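Please read these notes with the model open beside you. They are set out as numbered points.

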Amino acid sequence: MVSYKELGLVNTREMFAKAINGGYAIPAFNFNNMEQLQAIIKASAETKSPVILQVSKGARNYANQTLLRYMAQGAVEYAKELGWEHPQICLHLDHGDTFEVCKSCVDFGFSSVMIDGSSLPYEENIALTKKVVEYAHQYDVTVEAELGVLAGVEDDVQAEESHYTKPEEVIDFATRTGCDSLAISIGTSHGAYKFKPEQCTRDPQTGKLVPPPLAFDVLDAIMEKLPGFPIVLHGSSSVPQEYVDIINTHGGKMPDAVGIPEEQLRKAAKSAVCKINIDSDSRLAFTAAVRKVFVEKPGEFDPRKYCGPARDEMTKLYKHKIIEVLGSDGKAE
Ligand SMILES: [Zn+2]
């Protein structure tokens, strides 16, 4: 048993309370490798933004859970080295699907876990979430739960169709499970292809897809039922078209990749939405930067010469999200 407190990590309770009162949201960035983690920590340290490091099932399979946990521990020390005196870093399990995987993360030094029972029947979701909450709370680890189904593909999480969260269920669910935050479905979606062309209109000038707006009426109804309760948005990459264009002009092929417009996320961040998950955007930044080096310098074979620029591009992206979209800069001095 390792307590996250010994590792210098924090849970989400205080972060979320401050974010709701302050009208901003905490960034939740996924990480799978060293360059991505360095970029997240550098961007957070330079902007003094609290941050949630997310580990998905895919990340655990790719990079090994033990290694990722030690990397997060190293990240706390790296943040201090960068001059961030009191780093507020949370290590969070993204989309835990069983009690056992959540327990193993709690026992292993994670400060927050998500139990995603959203694909289960309602009562089974409640029972599973409650079991995780009862275990995690013994160690002061916070728990995110999910109601409603997001469309899209993220690692092993896949759904054809989305179902908006039903506002009439949220009080019962939050009360009976005791969860600390709730991921809801209001039209965000996993992956870099969030919407099918038939769900969108097309900008006549650029030919780019214009996605449908998020269901803010559903969010408002949920906030009315659960005033001041921390809400989470998954699948909130904006899929920056400048990266898609670089990828497509440097040997890639990502037609009609489209995300959630940043002005909608900005609006959400000001509400009870206090955690916004962003993963695909950093994948796009990484890939665009690497493709550019490969095309412009075909003789380059030192991974540092293409992973370095990729890291710089991700740092730029994370800082942009923190300052321009979420408004979490300066909130963890
Ligand atoms: Zn997700």
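1. Helix α5 lies across β3 and β4, and runs at about 165 degrees to β3. Axes here are lines fitted to C-alpha atoms, for helices over the stretch in contact, with angles from 0 to 180 degrees between N-to-C directions. Contact means that the C-beta atoms of two residues, placed from the backbone, lie within 7 Å. Helices (H or I, at least four residues) and strands (E, at least two) are DSSP runs, numbered from the N terminus.

2. This is a predicted model: local features need pLDDT of at least 70, side-chain atom pairs count only at pLDDT 80 or more, and totals for chains, interfaces and linings use all residues. Residues are numbered from 1 along each chain as its sequence is written.

3. Strand β3 (residues 89–96) and β4 run parallel and are joined by three bridges. Gly96 has Ile115 in β4 as its bridge partner. Right-handed means that, with the strands pointing away from the viewer, the path from the first strand over the helix to the second runs clockwise.

4. On its other pairing, β4 is joined to strand β5 (residues 142–147) by four bridges, and the two run parallel. Ser112 is partnered by Thr142 of β5, and Ile115 by Ala145. With helix α6 (residues 122–137), β4 and β5 make a right-handed β-α-β unit.

5. In a regular strand the side chains alternate between the two faces of the sheet. In strand β4 (residues 112–115), Ser112 and Met114 on one side and Val113 and Ile115 on the other are all buried. A residue is buried if 20 or more other C-beta atoms lie within 10 Å of its own (exposed: 12 or fewer; partly exposed: in between), with C-beta atoms placed from the backbone.

6. What do the eight strands close into? They form a barrel in the order β1-β2-β3-β4-β5-β8-β12-β13, with parallel pairing; two strands pair if DSSP finds at least two bridges between them. Neighbouring strands of this sheet are turned by 25 degrees against each other on average, direction ignored.

7. Helix α12 lies across β1 and β13 (273–278), running at about 150 degrees to β1.

8. Twelve of the 14 residues of α2 are buried, including Leu37, Ile40 and Ile41. Lys48, with a positive phi near 55 degrees, follows α2.
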